[in-house]
Amino acid sequence: MRWLLAPPHPTCQSRTSRHRARDFLRREKIRWPGGVFLNAGSGSQRFDTPTVNLDLLPGKNVSLVGDLLALPLRSRSVHTIVCTGVLEHVSDPARAVGEMHRVLQTGGRVFVEVPFMQTVHASPKDFTRWTPDGLRCLMGHFEIREWHVVAGPASALAWMLQETLAMLFCFGSDMLYRIGLRVFGWCVVPVSWLDLLLERRPMAWRAASGYALVAEK
C-alpha cells in the first residue's frame, strides 16, 4: 500500500511512448547479435533485453558501479546505450554525453530521454532541463535518427498544478506541503489524460513534459 502514500508523477503516456526504450533495445538486439548493451544510470530498472546496468551507487539490478562522467569502459566497447531520466541529474551532461560517444562503437546508437517542462525532482540533485534546440546541441556529436515527445503538454500542466496547489495550501509548512503533493497529485492525474489526445499533435513539442531521441555515432 506504500504506493498510495507516495506522491504520483501525474503523467500520461501512450503505450508506444511507455515502451519506446524497450522496443529500441529489441531492434538493437537484431542489429547487434551478441552486442554489449549499456543501461547508463539504470537504478533498479531492468529490460527484457539483457543490459549492463551501470549506476553511481550499488543496488538492486546494478551490475556495474560507475560515474557517467568517467565511464569505466573501454572506448568503442559498447554497441547500444539507453539513458532515461538521468542526464538532468548529472552535473556536467555534455561530458556524460561525450563519454557515451567515446564508449560506443561506430554505428552504435543511444536512446535518451530528458525532461523539458517538469518540476524539480532531486535524485539526489536536479540540474538541467532541455528545449529541443538545447537537446540537439547537447547531442551535437551524434546524428539524430528519431525524435519523440515522451509526455505531452497536459502531463507538464498536471505536474505544475500538483506543485502549485501543494505550495498554495501548505501555508509554509513542510509537512502540509508533502501531504499536499500526495493529495493534489492524485487530484490532477485526470488532467494528464488529455495527453491521449495531445501527445502526437504537431505542436506538442512546444510545452512537452519531456523528449526522447535516438542518435547514432
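Asp133 sits out in the open: its relative accessible area is 60%, which makes it exposed on a scale where buried is under 20%, exposed is over 50% and partly exposed falls in between (1.4 Å probe, protein chains only). The model is a predicted one, so local features need pLDDT of at least 70 and side-chain atom pairs count only at pLDDT 80 or more, while totals for chains, interfaces and linings use all residues. Residues are numbered from 1 along each chain as its sequence is written, and side-chain values use heavy atoms, with hydrogens and water left out.

Asp133 pairs up with Arg136 in a salt bridge, at 3.6 Å between the closest N and O atoms; the term stands for a side-chain nitrogen of Lys or Arg within 4 Å of a carboxyl oxygen of Asp or Glu. Both partners belong to helix H5 (residues 132-138), where they are three residues apart, or about one turn of the helix. Helices (H or I, at least four residues) and strands (E, at least two) are taken as DSSP runs, numbered from the N terminus. Arg136 is partly exposed, at 41% relative accessible area. Another arginine, Arg129, makes a salt bridge with Asp126, and here the closest N and O atoms are 2.7 Å apart. Arg129 comes out as partly exposed too, with 25% relative accessibility.

Overall, the count of salt bridges comes to 11. One of them joins the side chains of Glu216 and Arg109, with an N to O distance of 2.7 Å. This pair ties together distant parts of the chain: Glu216 is in strand S7 (residues 210-216) and Arg109 in strand S5 (residues 104-115), 107 residues apart. Glu216 is buried at 14% relative accessible area, whereas Arg109, at 21%, counts as partly exposed. The two also belong to a salt-bridge network that takes in Glu143 and Arg145.

Turning to the cysteines, the structure holds zero disulfides, the cut-off being a pair of cysteine sulfur atoms within 2.5 Å. For Cys83, the nearest cysteine sulfur is that of Cys137, 17 Å away, and Cys83 is in no disulfide. Cys137 is likewise in no disulfide, its nearest cysteine sulfur being that of Cys83 at 17 Å.

Thr84 is part of strand S4 (residues 78-84). With 17% relative accessibility, Thr84 counts as buried. Leaving aside residues up to four places away in sequence, Thr84 touches Ala21, Gln45, Phe111 and Glu113, where contact means heavy atoms within 4.5 Å.

On the surface, a nonpolar patch is made up of Leu168, Phe169, Phe171, Met175, Leu176, Ile179 and Val183, with about 750 Å² of accessible area together. Patches are built from residues with over 30% relative accessible area and no salt bridge, joining like charges within 9 Å and nonpolar side chains (Val, Leu, Ile, Met, Phe, Trp, Tyr) within 5 Å. The areas come from the Shrake-Rupley method with a 1.4 Å probe, and for residues only the protein chains shown count as cover. Helix H7 (residues 174-192) gives the most to this patch, with four residues. Phe171, also in the patch, is found in the loop between helix H6 (153-168) and H7. Phe171 is exposed, with 69% relative accessible area.
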